[in-house]
Amino acid sequence: MSHYEQPSRLGQLLQRIVRTKGLAEQTSGQELNEIWKAAAGERVAARSHVRRLRSGVLVIAVSNGTILEELRSYLQHELLVTMQQRNPERQIKSLKFIKTR
């Protein structure tokens with residue numbers, strides 16, 4: 001009967017890993033969002049949030065068209081440098097701003 005217990009243990013272990021990884025990703029996302037809000041300032045932070053970080057691209061969702069254009073045109077480089085300095089371990093290569101409702 002012991003050979004039937006191993007898959008059950010393996011399944012439990014995998015479930016635990018998935019739950020832990022999901023929680024770690026959520027915590028990482030929350031940390032990134034807090035750092036973004038501090039870097040962006042109160043006015044921009046009120047209308048934006050971190051959507052995801054994938055392959056070095058930090059995607060920021062922005063709910064205001066005027067702020068979106070300001071980020072793309074004037075603030076992108078400055079905010080990228082700030083995010084890189086505050087998060088060197090995450091290796092952020094670029095910022096991408098997307099419009100949300």
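What follows is a short chat about a predicted model.

Q: How many salt bridges turn up in the whole structure?
A: A search finds four.

Q: Which residue does Glu-31 meet in a salt bridge?
A: Arg-90, at 3.0 Å from N to O. That pair links distant parts of the chain: Glu-31 is in helix H1 and Arg-90 is in the loop between helix H3 and S3, 59 residues apart.

Q: Is Arg-90 buried or exposed?
A: Arg-90 counts as buried, because its relative accessibility is 17% and the cut-off is under 20%. Glu-31 is partly exposed at 38%.

Q: Which residues are in the salt-bridge network?
A: Glu-31, Glu-89 and Arg-90.

Q: What about Arg-43?
A: Arg-43 forms a salt bridge with Glu-70, with the closest N and O atoms 2.6 Å apart. Arg-43 sits in helix H2 and Glu-70 in helix H3, 27 residues apart.

Q: And Arg-72?
A: Its partner is Glu-69, at 3.6 Å between the closest N and O atoms. Both lie in helix H3, about one turn apart.

Q: Switching topic. How many aromatic pairs are there?
A: One in the whole structure. Trp-36 and Phe-97 form a tilted pair, 6.1 Å centre to centre, with 50° between the planes. Trp-36 is in helix H1 and Phe-97 in strand S3, so the pair ties together parts 61 residues apart in sequence. Both residues are buried.

Q: Which residues make up the positive patch on the surface?
A: Arg-51, Arg-52, Arg-54 and Lys-96. Strand S1 gives the largest share, three residues.

Q: Is Arg-54 buried or exposed?
A: Exposed, with a relative accessible area of 56%.

Notes:
Residues numbered from 1 in each chain as written. Predicted model: local features only at pLDDT ≥ 70, side-chain atom pairs only at ≥ 80, totals over all residues. Heavy atoms only, no water. Patch = residues over 30% accessible without salt bridge, like charges linked within 9 Å, V, L, I, M, F, W, Y side chains within 5 Å. Areas by Shrake-Rupley, 256 points an atom, 1.4 Å probe, with all protein chains shown as cover. Salt bridge = Lys/Arg side-chain N within 4 Å of Asp/Glu carboxyl O. Lys, Arg positive; Asp, Glu negative; His and termini not counted. Charge placed at Lys NZ, Arg CZ, Asp CG, Glu CD. Helix = DSSP H or I, 4+ residues; strand = E, 2+ residues; numbered from the N terminus. Buried < 20%, exposed > 50% of the residue type's maximum accessible area, 1.4 Å probe, protein only. Phe/Tyr/Trp six-rings, centres within 6.5 Å; stacked < 30°, edge-to-face > 60°.
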